[in-house]
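Here are a few friendly notes on how the inside of this protein is packed and where space is left. Have the structure open as you read.

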Amino acid sequence: MSALVTLLLLLLSGAMVAWTLNGALGLSFNAKDVPTERTRAAAPHSSVAAPNVRAVTGARGAAVRLAAEAVRDAFTERGRPAPSVAEGGGKARVPARELAIRIGALKGRGSAERYRIVREHGGLVLETASAAGAATGLYRMADRIRAEENVLADNGRTVTPQLGLRLTDTGGTGLDIRRSRFAPTTDYSLNSDVVGTALLRRAPWVDTSKVDDIAAQFRAFVRGALRNGYNGVVVPGFLEYVTFSGVGDGHTVYPAGDPHIARARAMVRAFAPVWRYAHDAGMRVYFQTDMLALSPPLRTYLERELGGLRTEDPRLWSVYAKGVEEVLHSMPFADGIMIRTGEGGSAYALPGWDYTSAIDVTTVRAVRAMLRGLLGAVDRAGGDRDVIFRTWSVGVGAVGDLHTDPDSYRQVLHGLDDPHLIVSTKYSQGDFYSHLALNPTLLEGSQRRIVEFQSRREFEGQGALPDDLGALEQTALKHFLASNPHIEGVWNWAQSGGPLYAGPRAVYQRVGFWQLWDVNVYLTGRLAQDPDTDLARAREAWIRKTFSDDADTVRAIERILTLSRPAITKGLYIGPYADTSAKALGLEPPPMMWIFEWDIATGDSAALSSIYAATRDRFPEALAEGRTALDIARRQQRLWATTEASTWHDPRLREQFGAALAYQTDLFTVLGAYRSTILWHQRWLDTGSAHAAERWHAAEAHYRTAAATHERHYGHQLTLPAYNFAAADLGLQRADRDPSMAWCARGLLALVLLAVVLALTRGSLPGAAGLRALLAGALRPWRARTAPQPTGRVDRIALWLVPGLVLALSRGIHTWFLAPVHVAVTLGTWLVFAAVLRLAAGRAWPALAACVGGVAILRSVLLLGVLSVRGPGYYWSAFWTSPHGRFAYVTVAWALFLWVVPAAYWALRSTLRRRPALGRALTACALPLAIVGAAAWAAGAETSLSTWNDQLALLPWGLHRILGITEYLGIPSSIPAVVTCLGVVLVSAGTLLGWAGRWHGPSGAPPPGPATGRVAPDESA
């Protein structure tokens, strides 16, 4: 009876583990509302000559003069005489051929950026509400002159930009553009500092000549951003400018003489004038940081004073508030600070600096405490200053879905209606991918809101591919503005996002073919001012000023750009999967996944089997998209070929455009072949169809050829670097072994079953008694004390050799014979377990070996049964995507895994009392746990998991290299230490129980059992 109860309990525990695992994996697919993109080309129309302007007057102030100079430069670029720019003017009668600026002419309430252009006495008058309105009107006029549009299209009408806050990042400012910096294309660092090239490791801390270079780059970028319609800039940096002089006596955080103080002061002296230029040019300036931002002394101080990084404690935020106040005081031109809490860690650190960040603001109370503390700081600093809080997160903590879930948004931000708080959110319900719904949280709340866009799409070629986002962004802005009156701005990324050095060597306005995504920078600026902008005309205007004013060439380029979105959304995505909202491991995987993060084609079973599960019913469509994308890419190349080099402003731009299109075609060729390969392989795993196997192998042959060609053409290039197919090749190496592994599993399973049959039917065969003992030990271990034990040499060898071989071979098959770490850990664990039992068993060792070996074979038979279907690929595909199959398998596998413990206990009871038998069985189980835990502890949880994952290809290969498996999945790094300590405790307890006991029976007498002919009662009764 006790055996039956034990078995039922083990099955129950297995069911609980399976239920928990099903809940943790939680793979599900739901439809999502992906916005429709309709991009059209402009109807042919004639260019409009600019008015004859010889002088611009009334350009008072640095910002207005800079805008007037943009008008002057626009005339020059169109081959017209440059008008003079003067502060004076203001005559009652405007002379002919003069543009007079009249600041303050528009009275009443309204936006400071209002302006109106009117004709007057043969000249032009720009009437504005303020200097900001003058600058806005002048930049719009300059843009129309460059694009050969009608400057007087708004004649007499008061124009007010729809969104008053139009932010940009710092573009390519400060980035290291040396070829050597881009050479190691696997540098997936996410650090975004723009001052790194000017830093020194010791006093004077900054290289002034490098600061001058950064200043020149920044000035050029600001002028370009203003001309594109932006009026604010977000500068990375915060803690490096802070001394915490306002905390305590001024040396509480950084003691006197701490180099952080001198370095921060040097940073302010060097860079405050650099960033001030944007303010003087008419831009708002915000500083951007992750929270928690940390330095070693700051961490020490917070841990000493607060007992840790207690982010829900207002006292912690009072320290950071002092830092914010210090920055706003030392750089009084700053308009506030932008905060991100959802990302951080070592991947974001600048090498050589000890400033870091941590994802510790992960609860509702912590976020609210942070915002209250920092809002208090900007309020005390005075002026029209803001805290911009980014809702972006990567799923960590209780607020991990703040970015995408309206309920979470309300829970975190309800009631925080401070006029100095702005909430910034990406337009999409996820990261900057296509195939995503518009973000519903942008319809929530009473806070001021801005919408985030990315021009250089990090996940769609990192700017190397044509990718015109105008229609998508217009749809998003109109949707949000129609439903939320609190939308007041945008933040567009001209360069930021993703690894800045792992992709193409293309840096905005500095090097490479950055013009390819400049169209998005331009269109976003236009849409922010007027969401109803005629995109076709705006795109044409950009083409005219960037590439060519030849009508045929303009039409060809425009058509290439209008085709770019269908090419991208089909060539880089598997649509039937991308259009579903997937959930797994408590997270929402991105809609790409088969290209995991930027340029890594993945080969892991979790991603690929999940993609197939979502596309199973739309399989032909998923395959056809790759061919469609390639057809579009070739069509774009043909359009480019119709243009003449002589019609381009710069023939070199034509060659760069052609190279980008050729790169896209080559990339879509290899990706299309890989798409077919993985989908047909998954189809074979699902159905076992010979047709699927044939198509899989044909597609893989095509992929191998295409990948080699791609690597040969682009593997050495920096401007157009080859995609990374290392993970894909690892996955295919394993996939190619699936059929042979399935046959190996079938063969081994057949041998095991044949051996059992022969042992039962031909008892005289050598080793048959040992096999029967193994069978009895697996199925009836409670009778181990009474069962006859094999006495022959061959039979005794069979007791350990057969289980060992079956165990080793089955685990080798399970891992394609390509994961030595997994096999070594598995076999090592069994070996340590058996060794401890061998020492503990004494004369009971044969019975114990039969029980342990028999259970090992029984557990292996279950594994081989699944592997026999279609190899390890089928095993893992079913594990990830079949909840019912996974539940059944895990329930039985877990029960069999634990069955070895009572089996060992029952075998030990043939010579030991209950407590010693229990203790020694416990020791045998706990020692492998302690050893494996200690090994993982020594290597580190991240290293251990990544090594194991690299060999088994279960999760994306890039996960460890980019984000970190433990951090991304929320796995505590302390687990190995906890496991080790638990193992040590259990070993100690088992040792005390097991070796404190005595042999039962009379002193010095042998124990009862088969050796003496006396039989103890059967405990299973």
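1. The largest nonpolar core holds 119 residues, and those with the most contacts inside it are Tyr241, Phe271, Trp275, Phe287, Tyr320 and Leu371. Such a core is a set of buried Ala, Val, Leu, Ile, Met, Phe, Trp, Tyr and Cys residues joined through side-chain atoms within 4.5 Å, where buried means under 20% relative accessible area with a 1.4 Å probe, protein chains only. Leaving out residues up to four places away in sequence, Leu371 touches Val387, Phe389, Leu413, Leu416 and Leu421 (contact means heavy atoms within 4.5 Å). A second, separate core has 92 residues, including Leu671, Leu685, Leu720 and Trp880.

2. A word on the source: this is a predicted model, where local features need pLDDT of at least 70 and side-chain atom pairs count only at pLDDT 80 or more, while totals for chains, interfaces and linings use all residues. Residues are numbered from 1 along each chain as its sequence is written, and side-chain values use heavy atoms, without hydrogens and water.

3. Now to the largest cavity: about 300 Å³ of space lies in it. A cavity is a set of points on a 1 Å grid over the protein atoms alone where a 1.4 Å probe fits but cannot get out, and lining residues have an atom within 4 Å of a point. Of its 20 lining residues, Ala584, Leu585, Pro589, Met593 and Ala606 lie nearest the centre.

4. The second largest cavity has a volume of about 200 Å³. Its lining has 19 residues, with Gly603, His681, Gln682, Gly731 and Ala735 nearest the centre.

Technical notes: Buried means under 20% relative accessible area, exposed over 50%, partly exposed in between (1.4 Å probe, protein chains only). On a 1 Å grid over the protein atoms alone, a cavity is a set of points where a 1.4 Å probe fits but cannot get out, and a pocket is an open set with protein on both sides within 12 Å along at least five of seven lines; lining residues have an atom within 4 Å of a point. Grid points are joined across faces, edges and corners, and a volume is the space filled by probe spheres set on the points.
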